[in-house]
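Me: I would like to learn how to read strand pairing and aromatic contacts in a model such as this one. Could we go through them one at a time?

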Amino acid sequence: MKIQLKKEIFGNKETQLLTHGEFCVSAFRYDSGVEALRVKNKKGHFIFLPFQGQQLWHVNFGGREISMVTTVKEPIPTQNLLDTYGCFMMHCGVSAFGAPQADDNHPQHGELPNISYQNAYIICDEDEKGKYIILGGILDNNIAFTRHYQFVPECKIYEDGTVFQIHITIENKRKSPMEYMYLCHINFAPMEGAKLIYSAKRDKEHIKVHKIVPAMTKEKEEKLKAFMDRVQENPAIHDTIGVEGECYDPEIVYAVKYEGDEKNRAYTLQHKQGQGACYVSHPIDALPVGVRWLSRTLDEDACGMVLPATAEHLGYSDAKRKGYVKSLAGGEKLSFMIEAGYVTDEHAKEISDKIDKILK
């Protein structure tokens, strides 16, 4: 069953739209005017923004909010990224992403994060694993003489699931080639004392620290620089969340070169025994760069343990110079899938064993 969503059904009062097995989906409109779906399944609940960027706004599984801590409590209808920054997952690209540098003219993280969708839908179905829903949309981005692409994101989750399958399709609708960039911005809450476990070697060749220090007080600058130097010398230091001397104020961004399994998939965990693990798996053939972003201030707390991407985070011109910008031929279509969510200690052990096998 496929249900096309219309903005008219989203009112100030939350209204149940459908049930499907253990799923209950309701629609409401924030005071800001942004339309949202609240989805409950057997293991928790989350909020999805069908018309604003197809963002996963907040995610709670097992009674725990796994999304980043932010001062932005509800989404705002704006294209200014930082005015409404606080989601669990947003799409970035397609013409560019990252922080624009002096020779760039694109917005931060491109046009996708808060772009307006005219076509949004819910699919309810069942397979051998059980009942599931898909939350999706179709974006037709057509700028004359410039680009024309179709971007189709779909988030699939099962009724007893805690992991999203994020399916992405990008299609070049023009006859001429089209450059593209993509980053999936997944923002977990840090778990104090947790370990980062991932399928990448712990050395300078595979983990690069971007030593970008904003203007701050001299004391804060020196503290941030000192921690960056420590991690660059020994990348394994940052594998513990809350390690002595840790400094992510306002942030540190890393570029991680992952190893993959026989299916070219890489794996990342933020695991704390007894509390389960945050989990991401991504395809390294389609998304060869693992951007890692951590920010721990008095107001924000985020562990972007891996943002699967086509390039580093420094904008189009930097990516172009480094050979990261990809291209689709006229009419060509690209599809890939990212997994992101929460897993139990038992499942985390299985994934950790898989990581060990990859790195041997």
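Reply: Let us begin with the sheet: two strands pair if DSSP finds at least two bridges between them. The model here is predicted, and in it nine strands form an open sheet with antiparallel pairing, in the order β1-β9-β10-β11-β12-β22-β18-β17-β14.

Me: Which are the edge strands?

Reply: The edge strands are β1 (2-4) and β14 (195-198), each of which pairs on one side only. On average, and with direction ignored, neighbouring strands of this sheet are turned by 15 degrees against each other.

Me: Over how many bridges do strand β18 and strand β22 pair?

Reply: Strand β18 (residues 276-283) pairs with strand β22 (residues 333-343) over five bridges in the antiparallel sense, and Ala277 stands opposite Val343 in β22. Helix α3 (residues 345-359) packs on the sheet, where it touches β14, β17 (265-272), β18 and β22, and the direction of α3 makes about 135 degrees with that of β17.

Me: Are Phe88 and Phe164 buried or exposed?

Reply: Buried means under 20% relative accessible area; Phe88 has 0% and is therefore buried, and Phe164, with 1%, is buried as well. Phe88 and Phe164 also belong to one aromatic cluster with Phe46, Phe61 and Phe188.

Me: What kind of aromatic pair do Tyr132 and Tyr158 form?

Reply: Tyr132 and Tyr158 form an edge-to-face pair, with 5.6 Å from centre to centre and 70 degrees between the planes. Tyr132 lies in strand β10 (residues 130-143) and Tyr158 in strand β11 (residues 147-158), so the pair ties together parts that are 26 residues apart in sequence. Tyr132 counts as buried at 10% relative accessibility, and Tyr158 is buried with a relative accessible area of 11%.

Me: Which residue lies over the face of Tyr132?

Reply: Lys156 lies over that face, at 4.2 Å from the ring centre of Tyr132, while Lys2 lies over the face of Tyr121, at 4.1 Å from the ring centre.

How values were computed:
Residues are numbered from 1 along each chain as its sequence is written. This is a predicted model: local features need pLDDT of at least 70, side-chain atom pairs count only at pLDDT 80 or more; totals for chains, interfaces and linings use all residues. Side-chain values use heavy atoms; hydrogens and water are left out. Buried means under 20% relative accessible area, exposed over 50%, partly exposed in between (1.4 Å probe, protein chains only). Rings of Phe, Tyr and Trp (its six-membered ring) pair if their centres lie within 6.5 Å; planes under 30 degrees apart count as stacked, over 60 as edge-to-face and the rest as tilted. Helices (H or I, at least four residues) and strands (E, at least two) are DSSP runs, numbered from the N terminus. A charge sits over a ring if NZ of Lys or CZ of Arg is within 6 Å of the ring centre and within 35 degrees of the ring normal. Axes are lines fitted to C-alpha atoms, for helices over the stretch in contact, and angles run from 0 to 180 degrees between N-to-C directions. Contact means heavy atoms within 4.5 Å.
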